Each structure stands twice: as structure tokens, then as C-alpha cells.
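Hi,

Here is the structure I promised to pass on. Have a look at it first, and then read my notes below.

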Amino acid sequence: MNSFEFRQPDTVEEALTLLHDLGEDARVMAGGTALVIMMKQRLVMPDCLISLQKLRGLDRINARNGEIQLGALTTHRAVERSEVVRSRLPSLAETYAHVATIRIRNVATVGGALAHADPNQDPPVILLALDAQVGLRSTAGSRQVPIGEFFTDYYETVRQPDELVTEVVVPVLPPRSGSVYLKFLPRTADDYATVGVAATVTIDPATGTCRESRIAMGCVASTPMRAPEAEALVRGQRLTPELAREAGILAQRVTDPISDARGSADYKRAMAGVFVRRALEQAWQRALAAV
Ligand SMILES: Cc1cc2nc3c(=O)[nH]c(=O)nc-3n(C[C@H](O)[C@H](O)[C@H](O)COP(=O)(O)OP(=O)(O)OC[C@H]3O[C@@H](n4cnc5c(N)ncnc54)[C@H](O)[C@@H]3O)c2cc1C
């Protein structure tokens with residue numbers, strides 16, 4: 001690890017000014033679970049480390065106007081255990097509960113997971129299926145970016161070096177909706193996924209058919225990705241086992257995975273199809289059971 005200056009601002013404004021003044025020479029640290037490893041491997045060598053630990057107000061979970069706002073410094077464990085999240089968007093709490101181990105979840109943060117932008121992570125996949133928005137702030141102002149436009153490549157996002165991720169805003173699903181995140185873990189329970197798939201489904205009560213569906217996949221490309229053809233196939237239909245299987249086939253066609261220790265590219269592509277089918281079926285069952 002290189003030597004670096006360590007700064008601990010007390011306020012968000014102070015942190016933003018430091019980021020503005022130091023630019024690409026600085027890195028912010030939230031939980032440090034990803035950053036410290038990258039620094040030890042000398043993949044990242046900042047001159048200055050800006051700790052976000054003392055900042056107040058960025059670790060809150062709020063529900064208002066049909067949305068859930070997760071502050072950037074909210075830990076994975078806090079999302080997993082939040083009554084607000086568990087009652088309004090159970091699939092979101094379930095996804096954070098699938099990340100690594102309790103030790104990691106106790107320190108890893110919502111904002112750190114987004115800024116890190118490893119395409120093998122779990123939360124970005126459900127956030128994509130739920131159509132979340134990422135809140136960014138710099139000394140110049142604030143902006144919200146749809147999560148579908150946030151990730152650009154392996155470990156790359158549209159975030160500028162002087163911007164902090166401040167929150168992620170997740171719309172609550174309409175009535176008669178179901179959502180689910182499935183993590184395929186053939187090795188150990190605390191591993192990264194071989195494939196992660198999230199699906200949301202909203203049923204039209206008048207017709208009993210699918211009014212809206214979103215399918216997102218992780219570990220199958222350089223960023224988390226949607227499966228638009230599969231979503232279009234399901235819209236306007238009643239989900240049957242055949243339709244779910246067909247949607248899985250369409251979804252796996254748009255994947256572009258790499259071979260690694262968690263499986264060959266062909267295996268991941270095949271598993272993406274299987275898990276899209278299962279996720280759709282489970283989201284559908286949840287939508288049928290929802291009021
Ligand atoms: C052993 C291990 C197992 C893991 N397993 C899983 C897994 O199964 N599933 C999974 O999804 N993830 C897994 N992870 C990844 C983990 O989720 C990330 O390390 C974590 O989410 C990063 O959050 P953090 O708060 O620790 O970020 P940090 O390590 O502090 O930061 C990560 C990056 O984000 C930047 N950053 C942090 N916060 C902000 C902010 N608010 N604004 C702008 N930039 C910011 C930092 O500068 C850095 O570049 C694992 C990690 C470890 C170490």
C-alpha cells in the first residue's frame with residue numbers, strides 16, 4: 001500500500017470541498033471493504049483518503065411519497081434489518097442479506113457498493129429491477145441518475161471524481177406486484193454469485209395478465225443489465241411455465257459473460273436463462289399473493 005494523507009471531514013460540505021480541491025488524487029472511504037483491498041493490491045493509490053465515517057445524516061432510511069430513500073452510508077445490514085424496507089420492498093432487504101457475511105454487511109455501505117461498480121455484486125441487480133435512482137452531489141450541485149445509466153463498465157460509473165454518492169431512491173412497487181432476487185451460489189454461501197437475477201412483475205387486476213415486468217441480471221456482462229426482449233415477451237401475458245422458459249432463453253441471448261473461477265461463460269449464460277425463468281415464476285407468485 002502507498003503512503004497517503006488521511007482526512008476525516010465532519011460535514012458533507014467539507015467532504016465535497018476536499019473532493020473538489022483534490023480531484024482524482026483523492027478517494028473517499030465509506031466501509032473500506034472494497035477500497036482497502038484495492039489499495040493493498042496497489043490497484044488504487046490515492047494521495048489522500050477522505051473518510052466518510054464522521055458525516056451525519058447519510059445513514060438514514062426514509063419512506064415517503066411512494067419511495068424508499070437509502071442514505072449512502074446506510075450499511076447493508078441496516079437495509080437487511082430495516083422494518084420499513086422489509087415491509088414495503090421485501091426483495092430489497094432479502095438481497096442485501098445475501099451479500100457476503102454479517103461482518104462485511106455490518107460495514108459495507110449502500111453508496112460504497114454502487115460506487116465500487118463490480119458487476120458481480122448483488123444490490124445493483126435488484127436496484128436495476130426496481131428502477132432506482134442514484135443521488136450524486138458535488139460542490140456544483142446535486143443530480144439524480146437512473147441506475148440503468150449509472151454503470152458504464154467494469155468498476156466504472158458516470159460519477160465524476162468530485163461527486164459523492166449521497167443516496168439511492170427506490171420506488172415502491174404498485175399493488176398486485178411481486179419482486180425477487182435470486183443468487184446462484186454453487187460454491188459457498190458467502191461467495192459472490194455465479195449469476196444473480198432479479199425480476200419484478202405487476203399484474204393487471206382487470207385481465208390477470210402482466211402489466212409491467214423488469215428483469216435484471218448480474219455477473220453476465222461488464223455491468224448489471226436488463227433483458228428487454230424477455231420483459232416485452234411477458235408484458236400483456238399470463239405467466240405460464242412455457243412463457244417463463246422462453247423469456248429465460250431470450251434473456252440469456254443478450255448476456256456476454258466472462259469465464260472465471262465461478263464458472264465458464266457458457267455455464268453462466270445457461271444459468272442466466274434458468275434463473276430468469278425461476279425469478280419470473282417466483283415474482284409472479286408473489287404478485288398473485290399481493291393485495
Ligand atoms: C470478502 C468480501 C466478500 C464480498 N462478497 C460480496 C457479495 O457476495 N455480494 C456483493 O454484492 N458484494 C460483495 N462484496 C463487496 C462489498 O459489497 C463491497 O466491498 C462493499 O459494498 C463496498 O462498500 P464500502 O462501503 O465498504 O465501500 P468502500 O470500500 O469504502 O469504497 C468502495 C469504492 O467506492 C467509493 N465510495 C465509497 N463510498 C462512496 C460514496 N458515498 N460516494 C462516492 N464514492 C464512494 C470508494 O472511493 C471506493 O472506490 C464483498 C466484499 C468482500 C471484502
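A word on domains before anything else: their bounds come from an automatic or database domain assignment. On that basis the chain splits into domain 1 (5-51), domain 2 (61-171) and domain 3 (177-289). Taken over C-alpha atoms, the centres of domain 1 and domain 3 are 36 Å apart.

Keep in mind that this is a predicted model: local features need pLDDT of at least 70, side-chain atom pairs count only at pLDDT 80 or more, and totals for chains, interfaces and linings use all residues. Residues are numbered from 1 along each chain as its sequence is written, and side-chain values use heavy atoms, with hydrogens and water left out.

Now the ligand. What surrounds it? There are 31 residues around the ligand, where being near means that a heavy atom of the residue lies within 4 Å of the molecule. The closest are Arg-27, Val-28, Thr-33, Thr-109 and Asp-122. By type, the shell has 18 nonpolar, eight polar and five charged residues. Here Ala, Val, Leu, Ile, Met, Phe, Trp, Tyr, Cys and Pro count as nonpolar, Asp, Glu, Lys and Arg as charged, and the others, Gly among them, as polar.

Asp-191 uses a backbone N or O atom instead, at 3.2 Å from a ligand oxygen. The ligand alone exposes 970 Å², and the protein buries 92% of that (areas by the Shrake-Rupley method with a 1.4 Å probe; for residues, only the protein chains shown count as cover).

Which elements give two or more residues to this shell? They are β2 (26-29), α2 (35-40), α7 (110-116) and β10 (164-171), and α7 gives the most, with four residues. Helices (H or I, at least four residues) and strands (E, at least two) are DSSP runs, numbered from the N terminus.

Ala-30 sits between β2 and α2 and counts as buried because its relative accessibility is 16% (buried is under 20%, exposed over 50%, partly exposed in between, with a 1.4 Å probe and protein chains only). Ala-30 and Leu-52 are 22 residues apart in sequence, yet 5.3 Å apart in space, C-alpha to C-alpha. Leaving out residues up to four places away in sequence, Ala-30 touches Leu-52, Gln-53, Leu-73 and Thr-109 (contact means heavy atoms within 4.5 Å).

Thr-194, in the loop between β11 (177-184) and β12 (195-203), is buried at 0% relative accessibility. A polar atom of its side chain lies 2.9 Å from the backbone oxygen of Arg-262.

Ala-100 is in the loop between α5 (90-97) and α6 (102-105) and is partly exposed at 27%. Ala-117 is in the loop between α7 and α8 and is buried at 3%.

Cheers

Conventions: A polar contact is a pair of N or O atoms within 3.5 Å; within protein, one must be able to donate a hydrogen and the other to accept it, and residues adjacent in sequence count only if both atoms are side-chain atoms.
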